[in-house]
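Please work through the exercises below with the sequence and the model side by side.

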Amino acid sequence: MDGTPLRKRPMLFQRVVRYIVHPSRGKGTAPSLPSREEEEGREASAASRGTRALPPALHPLRQLLANSFTDSGSSLPSPQGASASPTWTSRWRSRRPSLRGSTASSRYKVCCVRETAGRAASWDSCATAPDTVARNTLSPDGELYILGSDVTVQLDTAELSLVLQLPFGSHTRMFLHEVARACPGFDPATPDPEFLWLSRYRCTGPEPEQPQPLGWDAAPETGPRRSGIGGGVSDFDDSRSDKKGLLGDPASSWGQDTPDSLLPRQNKSKSEITDMVRSSTITVTDKAHILSMQKFGLRDTIVKSRLVQEEEDYTYIQNFRFFVGTYNVNGQSPKEGLQPWLSHGIQAPDVYCVGFQELDLSKEAFFFHDTPKEEEWFKAVSEGLHPDAKYAKVKLIRLVGIMLLLYVKQEHAAHISEVEAETVGTGIMGRMGNKGGVAIRFQFHNTSICVVNSHLAAHTEEYERRNQDYKDICSRMQFCQVDPSLPPLTISKHDVILWLGDLNYRIEELDVETVKKLIEEKAFQTLYAYDQLKTQVAAKAVFEGFTEGELTFQPTYKYDTGSDDWDTSEKCRAPAWCDRVLWKGKNITQLSYQSHMALKTSDHKPVSSVFDIGVKVVNEERYRKTLEEIVRSLDKMENANIPSVSLSKREFCFQNVKYMQLQVQSFTIHNGQVPCQFEFINKPDEASYCKKWLNANPSRGFLLPDSAIEIELELFVNKTTATKLNSGEDKIEDILVLHLDRGKDYFLSVSGNYLPSCFGSPIHTLCYMREPILDLPLETIRELTLMPLQTEDDGIQLENPLGIPKELWMMVDYLYQNAVQQEDLFQQPGLRSEFEHIRDCLDTGMIETLSASNHSVAEALLLFLESLPEPVICYSTYHNCLECSGNYTASKQVISTLPTFHQNVFNYLMAFLRELLKKSAKNHLDENILASIFGSLLLRNPAGHQKLDMAEKKKAQEFIHLFLCNSP
């Protein structure tokens, strides 16, 4: 949104609200708008089902809706953590206006939407939905609640009904607030819109009579009742004492005309339970947040800051019971009920936090992020929840095999708000999702809670890699806030943190037999002294400030599947407490911490921990008095005062900056006597406040009188910025402008020097560098980097070029000599410190000093290929490669058209990979794995250098597969 209130743009509002947005279930895809061709192709099918595709004349309006959901390029999360790909349809009908609430002109309506395969959601055949569901309520007193993973808004007038369905997320809540403010029916002085501009798009044929929704003042009917999870039949309309329909039964909203096929069954099958959990998906933004959205003013910011400071004056602590469980399922499907883990022998929890690891071990899940196991385990959990309560699923988030589910008792749903979910991959190249973490953060009453589920690096000796994974998750996991002017929240910025998962820390210094003997003697505390996690926490390497309960149960790994016997395989893994639950925060009491030996599906045993957590609950009367006092004190403040700050430092020099090596410098802003807002602002004609290799954290904020804040300037050169720094087109030089609202600007100078690297250098440039890059004059590096890509036909050759870059040869030769039998090569990440060592060896030519693990060198090779400004298979031949991906002869012909250096590199890499495949019995590699890994590196989409979509990714994999299976 551009900040202009929608009320001031009535026609734009009218046009935006007529479209339904249907989020896709594709994972890992960024939000996208349908192209003009897609819109035209959709016209015929849309007309056949009584809808209209977006008219060509309205194409420019698509961007308005997209802009409402983006902030600094961040994507809007959709259900299950996926990004959304919206499409547009419209529908309308003529009927009498129906009364809802206190307004009779324009209003919102309660509804559930069923999505049918390949069709737009039919608003008039509402029922419990098997997947994405939304319910919105405008209660008589004007309080707006938002329920469900998706949000659907309906605007009714005397002539038509307009519907807008939005994916779940904080940006949607902001958009809805603007809709609420702009809706004409909310302002008696504003006449109802006639929407005359829609006349040309109206359906010409008559439409069937539609069932009339019940108004708020209508008599209740004996419509169908719906079963809830774990507690038999429940009338959702009776779930709230105020009868505002917060959990209203969607069927009852439509009287008794509901088709029999839509009535819920009384017996609870697996599929029905899944439907019920999803149809009761509740993610509520509480009324305080939705009705007091920020107005981007200083006064509002001061009020919020003061309310946070004085929180103890209007809140009290109330205990709620949390169940936290973790289970590494080893790629298995559920074969037994989960009740012994989730609900046996405990009181019904208020909140369930259930995490899984290794949900799917298939290569399809690893590379394409899609798996049927998600649905299977979701059903199993839904059936295993405590039978004495009804639960609503708040959120599900998954990264490959790491999945986290959050449920709450339905009576607590109205007090859950600000739900966000994020993922961080820490696998190969620092982003693959075979290892990493997923997290859900939310506000429960007035307490912020973050639940993290992680799967860290494996193998006993890799404890440093586990430490690095933990730190990566902490630093990279960031959640958008409702107020876009505030910086993203990190894990540490929460009142309560619950961390669960397969942390993979092992028992060291003891042989297998000694470990088993101590377990038989139940000498768990003696064994715990050798636990790696205990050692690393004591050294403050990880989980600083976290607490773990006493381990009174035997290690949960590794068992023979289907039994309680320790691992009898060839590897004979030593038992270890891999699966753990830790916490951080105040008012937390652990009631139990145990494993569950009854479950035998996996080679791990599930672990659970039950907590009583003290949550801050608002006393409404005290809150009102506190707010009034704050407002009165602000009324006395002199608005004419000009804010002024002092900076501890204004000049920053970063020396010897290296590729992918973070440098940080900090300074402090000290505020004077006037509250102020600060922000780094763009310089004239520049798209960002700083260059791409620089970042200020935080880049904006608020300061109370006599307060201070530390700002970190982070300098990090990666593949997008390295080439221009190598060529001298860019330099480590920038000016930052720190702006004070109603105050003056402060200027900060950033300077430094970048050490050129082979990473980010073109292939042909490196072939002409016979000496290490750091031994060459800067001017020579500049000339070679800017030299255009040549082919043999140009007849231009410089003196004595190498056939392939020497740096590439160094890495491949090292792997050939040391790693052809290395298990999980190119699939397990290395250590960052070792990558820095490898980079320095390549840039200085001191290959004889190279000492690193095989995994680190393999990852460095992948990073090298990824950093090439022109990929091995040039952008110009990209589409030709995809077209001939099923024809080896045609594929070879395309490769023969590449420039000589690129041909050499491609053939060299294929020869090396074929050598690896000869040792597949030892390294467990196959053609599909290597084709998937190298396909997206050697073949890149030239259109904005964006990531390959799924179809292109598979074709790129097929192209590389041809050369792995066929010798030249």
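The model is predicted, so local features need pLDDT of at least 70 and side-chain atom pairs count only at pLDDT 80 or more, while totals for chains, interfaces and linings use all residues. Residues are numbered from 1 along each chain as its sequence is written, and side-chain values use heavy atoms, with hydrogens and water left out.

**Exercise 1.** Determine where arginine 580 and glutamate 548 lie, and whether each counts as buried or exposed.

Solution. Begin with the pair itself: the two side chains, of arginine 580 and glutamate 548, form a salt bridge at 2.6 Å, N to O (a side-chain nitrogen of Lys or Arg within 4 Å of a carboxyl oxygen of Asp or Glu). Finally, arginine 580 is buried at 1% relative accessibility, and glutamate 548 is buried at 18%, where buried means under 20% relative accessible area, exposed over 50% and partly exposed in between (1.4 Å probe, protein chains only).

**Exercise 2.** Describe how glutamate 628 and arginine 624 are placed in helix H15.

Solution. The helix spans residues 620-635, and the two residues, being four apart, are separated by about one helical turn. As for accessibility, glutamate 628 is partly exposed at 34%, and arginine 624 is partly exposed at 38%.
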